[in-house]
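Colleague: I have a structure open and a few questions about it. Can we go through them one at a time?

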Amino acid sequence: GLFVTDYFTRTPRKLSPFRSFASIELFHFHIPEDTVIAVWNLITFKEQGGTFGDQCPDRSITVYFRSGAPSVINPLHTHFPRDTAVPGSFALTLTWTLPNRTTGVFNVTSPLPGDWFLAAHLPKDEGKISVKGLYEECQYLFQPQLIVQRLVNIAVLYPGHVTEQSMAPHNRSCLYKVFVPSYTSRVLVEVLRCRGAEGCPLWLRVRAKAPPLHNSTTLDCREHTPCQLAQDLPFWQHWYYVLVEKHPGVPGTVSFQVTVQLTDCSRPSLARPPFLPSSASMNMPHSFGSAGGLALGDSPPPTSPNDTKHPVPNPVTSHAGERCWPVRPTLRNELDTFSVHFYIFFGPNVSVPPDRPAVFVINLLPVLDSGGVLNLELRLNVSSLCGENVTVFGCLNHEVPLTSGDNTSVTCETESLAGFLLSVNATASLSRLRIPYPQTGSWYLSLRSLCATEHGFEPCTNVTAEVYLRAYLSPCINDCGIYGQCKLLRTNNYLYAACECKAGWNGWGCTDNAEAFSYGFQLLSTLLLCLSNVMFVPPVAIAVRSHYLLEAAVYIFTMFFSTFYHACDQPGIVVFCIMEYDVLQFCDFLGSLMSVWVTVIAMARLQPIVKQASVLYLLGAMLLSMALQMDRHGLWNLLGPSLFALGIMAVAWTARTIRRRHCYPPTWKRWAFYLCPGALIAAAAVLLYAFVETEENYFYIHSIWHLLIAGSVGFLLPPRAKPSRRLGPLPRRKGCGYQLCVNEQEELGLVDPAVASINSICTS
């Protein structure tokens with residue numbers, strides 16, 4: 001056949017350490033039909049400071065693959081909520097082959113068509129809290145690329161007609177496809193009139209949705225006469241691919257005929273007619289492939305030498321699953337994103353008769369519904385059992401209902417079909433099923449009632465069970481509980497939801513309490529973070545005593561909002577918010593930076609120049625508000641104002657030192673007992689905040705940060721001189737001259753103004 005190669009790529013994205021599914025990077029691809037091979041090229045490289053990160057450590061990268069919906073992953077091996085079904089996926093771990101780059105390849109032969117999702121993440125880290133912009137962070141970028149090779153012009157088989165084929169010596173196989181409409185209970189593929197050098201040296205393989213593989217359903221035509229391969233309970237509304245493969249080493253040409261018969265389960269004694277009046281009546285896509293199509297109102301294709309009519313024998317009527325029952329639709333009611341209720345007509349209470357199953361269909365829209373959780377709930381009305389020991393079994397299957405001919409069977413699986421089993425009885429009248437990230441398409445729920453006896457389950461007699469059925473789509477499982485937050489995430493144009501847990505809780509629904517914080521621990525951490533702000537009371541008292549009223553007001557503002565911000569910022573249930581979280585956070589950050597600003601400006605001793613000091617206070621408040629609105633966690637939001645204020649203080653102190661011709665402050669006691677201890681305490685607080693703080697030790701390291709910062713303010717805040725007494729006008733010398741009055745107590749920088757006598761030395 002003719003192959004066509006398609007190429008798809010995605011923009012590189014920065015990977016994050018795994019904490020929950022909300023921290024992974026999700027990539028969405030679409031694989032076209034008739035694809036024979038898909039190759040993912042997984043490119044990963046390091047970056048640090050805009051250049052290649054050769055010095056960054058090697059961290060393994062895990063990539064997950066799944067068809068139809070995102071992967072449900074559990075790298076931390078946490079517990080899933082009860083009644084949760086976990087679908088499987090492929091996983092691949094990438095290791096580094098070069099210092100700053102590595103490449104991995106993932107091949108899928110004959111992949112299923114439709115949506116494919118890749119999820120990638122780094123291993124879980126120690127949870128260190130780093131200051132943004134403090135150092136160049138190592139970034140691990142991941143870029144997947146997809147190359148697909150697909151066949152075009154695959155021959156289409158029409159049910160009930162024979163297609164003749166001659167396989168040349170240089171050819172090894174022939175590929176066909178046939179569309180299976182709804183209400184089909186059996187697909188029968190048969191090879192006729194096979195002639196070759198060694199009998200019929202052919203393999204017959206059949207697979208749904210994609211070309212067959214080596215492990216697909218296979219039949220050796222040498223050993224089976226006639227060469228017939230049947231598929232019971234086929235997937236509805238899908239293509240089935242038929243591969244006729246020649247045995248290796250067979251010389252010469254092999255000729256044969258191939259035909260397909262479909263059994264209509266609504267009429268089990270009849271096969272589908274050779275031709276239908278239109279493609280719409282067969283629910284078949286208008287595009288058939290190379291053999292042409294039956295558009296609406298078209299006539300059947302003409303008979304050709306390679307496509308002749310063949311008598312259709314009646315299929316065998318003894319196999320299981322031949323009969324089907326009416327499927328009751330559900331009404332879709334969309335309330336919000338991933339909030340969809342499926343209502344049953346004349347429901348939600350449904351009757352399950354004893355002689356036949358009740359079948360319902362739930363249709364999930366492609367792409368739109370695969371990012372949530374499919375919830376199913378069965379509740380048995382015990383009063384409807386009339387005292388009988390009745391059990392109602394429910395089978396939820398994807399793309400085809402499971403209606404087994406064996407009434408006593410309680411399984412929802414066959415050789416080619418897997419489903420989910422639910423059961424309710426008088427003892428356990430409630431059953432739930434949750435499927436995170438369900439595959440889209442049609443889901444069929446088959447309900448049947450069986451009576452329990454000494455010999456197992458048997459069909460009931462004259463008992464119609466009544467069941468309350470509820471089916472709905474939700475963003476997360478139980479809205480992630482009280483210890484989690486359900487987040488709506490987006491990758492390009494694809495939406496999905498995931499839980500982000502807190503207070504040590506883990507798991508897909510934040511229900512794993514193996515590492516959860518106890519209530520006492522949560523209360524202790526909240527009290528430590530809040531009560532540690534009481535350390536600002538001594539700086540407030542010192543500021544008021546020294547007549548620094550503006551500084552005292554800023555410290556009170558900081559103490560108040562820091563206390564209630566941390567009371568609202570707790571991850572557990574010990575939470576108290578007096579305002580919106582964003583307002584409290586802004587005020588806490590603003591108060592902290594303003595405390596640093598006014599303290600350093602006060603140390604500059606610009607009080608004699610009243611206008612300049614007021615301008616600096618107001619300018620600092622406006623600039624800090626602007627900076628916090630731009631980026632509250634940036635490093636320069638703290639360093640910028642602090643360095644600017646320190647620069648002002650350094651200029652003021654340098655000017656005094658030059659004017660007085662000795663170091664300012666002039667007393668060693670001020671340096672030894674106040675400035676140096678205060679600077680050391682502030683430096684220790686900054687080091688703890690920047691390099692020691694992690695998520696595990698946050699509550700007590702950050703409490704120590706509060707204590708140290710407040711303590712350093714008490715040491716660094718300068719004393720304020722009392723106003724000097726009025727001793728009356730001093731005599732002035734006649735003639736030109738000037739008079740300079742120096743306050744010794746202010747210049748010496750003494751802590752207690754009462755210690756020094758007020759002496760004014762005036763010189764002319």
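Modeller: Start with residues 499–510: their end C-alpha atoms lie 7 Å apart, and the span is 0% helix and 25% strand. Keep in mind that this is a predicted model.

Colleague: What does UniProt say covers residues 499–510?

Modeller: The annotation there is "domain: EGF-like", and it comes from an unreviewed UniProt entry.

Colleague: How many helices and strands does the protein have?

Modeller: There are 9 helices and 36 strands. Of the 764 residues, 47% count as buried.

Colleague: Which residues have the most contacts inside the largest nonpolar core?

Modeller: Tyr555, Met594, Trp597, Val598 and Ile601, in a core of 44 residues. Helices α2 (537–545), α3 (549–568), α4 (581–603), α5 (610–630), α6 (635–660), α7 (668–692) and α8 (698–716) each supply at least two of its residues. The most comes from α4, with 13 residues.

Colleague: What does Val598 touch?

Modeller: Not counting residues up to four places away in sequence, Val598 touches Leu550, Glu551, Val554, Tyr555 and Tyr617. Apart from that core lies another, of 40 residues, including Cys200, Val206, Ala208 and Leu229.

Colleague: Change of topic. Where is Arg434, in terms of strands?

Modeller: In β29, which spans residues 430–436. Arg434 is buried yet has no salt bridge.

Colleague: Which side chain of opposite charge is nearest to Arg434?

Modeller: Asp83, at 4.5 Å. Leaving aside neighbours within four places in sequence, the contacts of Arg434 include Asp83, Arg82, Val373, Asn375 and Ile477.

Colleague: Now the backbone. Which residues does the cis bond with omega of about 0° join?

Modeller: Thr225 and Pro226. Pro226 is in the loop between β16 (217–220) and β17 (227–232). The peptide bond from Tyr664 to Pro665 is also cis, with omega near -10°, and Pro665 is in the loop between α6 and α7. Most peptide bonds are trans.

Colleague: And phi: what is the value for Ser110?

Modeller: About 50°, positive although Ser110 is not a glycine. Ser110 sits in the loop between β8 (101–109) and β9 (114–121).

Colleague: Is Ser110 buried or exposed?

Modeller: Buried, because its relative accessibility is 5%. Glu399 has a positive phi too, of about 75°, and lies in the loop between β27 (390–398) and β28 (419–424). Glu399 is buried as well, with a relative accessible area of 10%.

Definitions and conventions
Residues numbered from 1 in each chain as written. Predicted model: local features only at pLDDT ≥ 70, side-chain atom pairs only at ≥ 80, totals over all residues. Heavy atoms only, no water. Core = buried A, V, L, I, M, F, W, Y, C linked by side-chain atoms within 4.5 Å. Buried < 20%, exposed > 50% of the residue type's maximum accessible area, 1.4 Å probe, protein only. Helix = DSSP H or I, 4+ residues; strand = E, 2+ residues; numbered from the N terminus. Contact = heavy atoms within 4.5 Å. UniProt positions renumbered as here; feature names shortened; annotations may be inferred. Lys, Arg positive; Asp, Glu negative; His and termini not counted. Salt bridge = Lys/Arg side-chain N within 4 Å of Asp/Glu carboxyl O.
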